[in-house]
Amino acid sequence: MHMSWDEIQTIEALVRTGSVEAAGRELMLRHSSVSRRIAGLEARYGAVLFVRGSRLVPTPLAAEIALRAGAMRTQAAEVAGLMTAEQRGRQQRVVITTSDVLAPLLFLALSTISPTQSVEVLVSDQEMALVPGRVDLALRPKHEPGGALRGRRLGRLRIGVYRRSSGTANWILPSSALRAKTSMQWWRFVPKDAPEAVLCDSLLGIRDACCAGLGLAAFPSFLAHGDPRLRLERELEGGPPLWLLAPAAREGARGLKGTQDALFRALRATEGAFAK
C-alpha cells in the first residue's frame, strides 16, 4: 500500500499543531477533510494514529511518522527552492542550438542585438530536441515545421560560387557524403568531377580551401561575409529554407519572445545571407 505525501504531511501537521483546525489552516483544507484523511489512513492500515478525547493525542506511531516527515518537509522545501532558482535562472538565459555551418550566421546576428538574457549557443550537427527550459531556439534548414515546433521562416540561403582573386580555376568539390545531404541541393549545379579538383568533406573546410586559393567553391554567401579575399563569381539556386524554431510550449514565454523577435530581425538583415 502506498501512503501519499499529502497524507504524510497531514499526520505531521496534526502532531505539530495539536489540532485539526490548525492543521487544516496550514494545509489549506477544511478540518472535516483533515479528519476524513486520518480516518481513512487508520482504516487502510488498521492502526490508530490519534487518540480522540478532549484533545487529540498522537500515538507513538504518529509521533514517529511526524518526526521523519519533518525532515522530509525540510527536504521538500529545499527541492522547491532549487526549482525556483532554476526557473529564475532559465528566465535569465536563452539557449540556442545550430550547426557548425550556420553558427557564423548566428554569431553575426547576435553581434547586432542586445538580448535581455544571457545567451548560450550549442553547436552540433545533430538536431537537438527543443525542450522548454533546456533548449529554447534552433536555427535550422528545414521545410515547414510541425508537431511540437513553431517557427518563422527567414528565407532561402543565398548560395554563391566563390574564388580567391589570386586563386586557381580548379574546383574544390564536396565528398560524396556532403553532396548527398538533402539540405545542400546546390551541389547539383557543381561538377561531380573536375581535373585537379580538391575534395573536402566539410563545408567550412571548402570555404577555407577557397580562401587559401585552391580553386572555385560553392557555399552559402554569409560564409564569405566581410572577407576581402573572396570574389563572387556567380550565384546558384538550391539554397535551403532557413527557420528560427522554438518549442510550441515555450514560444510565448516572457523574455524569450523579445529575444526571438530581435534575433529574427537581425538574421533577416544580415547582408547577402538570403536569396532575393
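This is a predicted model: local features need pLDDT of at least 70, side-chain atom pairs count only at pLDDT 80 or more; totals for chains, interfaces and linings use all residues.
I looked up the largest pocket and found a volume of about 730 Å³. Its lining has 34 residues, and those closest to the centre are Ser99, Pro141, Lys181, Ser183 and Met184. I then checked which elements give two or more residues to this lining: strand S3 (93-98), strand S5 (137-141) and helix H7 (203-211). S5 gives the most, with 3 residues. Sorted by class, I have 14 nonpolar, 12 polar and 8 charged residues in the lining.

**Patch.** I noted a nonpolar surface patch of about 220 Å², made by Val48, Val51 and Val57. I placed Val57 in strand S2, which runs over residues 57-58. Is Val57 buried, partly exposed or exposed? I read a relative accessible area of 33% for Val57, so the residue is partly exposed; the band for that term lies between under 20% for buried and over 50% for exposed.

**Backbone.** Met28 has a positive phi, near 60 degrees. I located Met28 in the loop between helix H2 (20-27) and helix H3 (31-45).

Glu196 is not a glycine either, and I read a positive phi of about 60 degrees for it. Where does Glu196 lie? I found Glu196 in the loop between helix H6 (176-179) and strand S9 (198-200). At 66% relative accessibility, Glu196 also went down as exposed.

Technical notes
Residues are numbered from 1 along each chain as its sequence is written. Side-chain values use heavy atoms; hydrogens and water are left out. Patches are made of residues with over 30% relative accessible area and no salt bridge: like charges are joined within 9 Å, nonpolar side chains (Val, Leu, Ile, Met, Phe, Trp, Tyr) within 5 Å. Accessible areas come from the Shrake-Rupley method with a 1.4 Å probe; for residues, only the protein chains shown count as cover. A salt bridge is a side-chain nitrogen of Lys or Arg within 4 Å of a carboxyl oxygen of Asp or Glu. Helices (H or I, at least four residues) and strands (E, at least two) are DSSP runs, numbered from the N terminus. Buried means under 20% relative accessible area, exposed over 50%, partly exposed in between (1.4 Å probe, protein chains only). On a 1 Å grid over the protein atoms alone, a cavity is a set of points where a 1.4 Å probe fits but cannot get out, and a pocket is an open set with protein on both sides within 12 Å along at least five of seven lines; lining residues have an atom within 4 Å of a point. Grid points are joined across faces, edges and corners, and a volume is the space filled by probe spheres set on the points. Ala, Val, Leu, Ile, Met, Phe, Trp, Tyr, Cys and Pro count as nonpolar, Asp, Glu, Lys and Arg as charged, and the others, Gly among them, as polar.
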